[in-house]
Amino acid sequence: MKKKKNKTPIQPVSGTKVPRFAGPSTFARLPELRDVESCDVAIVGVPFDAGTSYRPGARFGPQAIRQASRHLRTNYHPNYDTEPFKDQQFADAGDITCNPFNIKEAIEQIQKSATELLTKVGGIISMGGDHTIALPLLRAVNHKNKGPVALVHFDAHLDTWDTYFGAPYTHGTPFRRAREEKLFMEDSSMHVGIRGPLYSRNDLKDDAEFGFKIIHCDEFQTEGIDKIVKRIRDKVGNNPLYLSIDIDVLDPSHAPGTGTPEIAGMTTREMVNVLRGLAGVNLLSADVVEVSPAYDHAELTSLAAATIIYELTNLFVRNPD
């Protein structure tokens, strides 16, 4: 994504001037999209969870993430040596309105809204919502990119089922549908953090046929962060990249507030260090999904999601020119 030649960006409300528990209710107290002349990256909520197969509630994720983001100190990130909100214009674009009773219509609404948003901004970071939303978001990114993108998918689960109880559009099927629509590059895409038992041996067989490579969560113990980052970077190369991050890639001790938790997951330290290792990739857009605050404790999950989104803002700043 090329950096726009903005005027001096409108920055978030400073925590040194207004206490972090006060001020605007936007993500990290950023300006709203309507209040900036141009925008490099928009952060947008997608409060939809009708595709959930176990515990609902991710429709409340975007507001919980925004609330937790008040805690962040966003002026300077020493790991990237960046001041992201000085370097580029970020803004909160509010929430996409989608039908909570009709999945097909909701997918169409998300795709249309995201496509329109991407005509106004360079990239988007979407806050879910369940993982169903990744399909319409990938469609919108493909429209802007004029073709498929590399896909790196952080998740405990493959999300490449064909159907669930006969339904083709759920949070367990978005990447099967995306593959059918040729929305991602089969030779440049992978899952990270996969673990746990499956319904069938065919789940892995089918997934391999779709072109995905898998970094299983146990490999973090045996390989370490540096080798895993290298595998991801080697797979993605210089291709335009979409990142899709299901918060349940984290262990439930780090992210209990999610719909389908799986034990033996990544730590938050592992997660942020993998993202930091991706500095310099060609990031187009991203999503962070499946935050279900009703099952959260002490804002652990929403704070993890908010911090991951802040890490993503730094990746955008570090994009190649």
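**Burial and core contacts**

Tutor: Isoleucine 232 lies in helix α8 (residues 225-236); helices are DSSP runs of H or I with at least four residues, strands are E runs of at least two, and both are numbered from the N terminus. The model is predicted, so local features need pLDDT of at least 70 and side-chain atom pairs pLDDT 80 or more, while totals for chains, interfaces and linings use all residues. Residues are numbered from 1 along each chain as its sequence is written, and side-chain values use heavy atoms, leaving out hydrogens and water.

Student: Why is isoleucine 232 called buried?

Tutor: Its relative accessible area is 1%, and buried means under 20% (exposed is over 50%, partly exposed in between; 1.4 Å probe, protein chains only). Isoleucine 232 is therefore buried.

Student: Which residues is isoleucine 232 in contact with, leaving aside neighbours within four places in sequence?

Tutor: Val152, Phe154, Met190, Val192, Ile215, Val274 and Leu278, where contact means heavy atoms within 4.5 Å.

Student: What makes a set of residues a nonpolar core?

Tutor: Its members are buried Ala, Val, Leu, Ile, Met, Phe, Trp, Tyr and Cys residues joined through side-chain atoms within 4.5 Å. The largest such core has 53 residues, of which Phe27, Phe154, Ile232, Leu243, Leu275 and Leu312 touch the most other members. Helix α10 (residues 300-317) gives the most to this core, 10 residues.

Student: How do you know that the buried residues of α9 are on the same side?

Tutor: In helix α9 (residues 268-277) they are Met271, Val272, Val274 and Leu275. They cover an arc of only 155 degrees around the axis, and therefore lie on the same side of α9; the arc is taken over the directions from the helix axis to the C-beta atoms.
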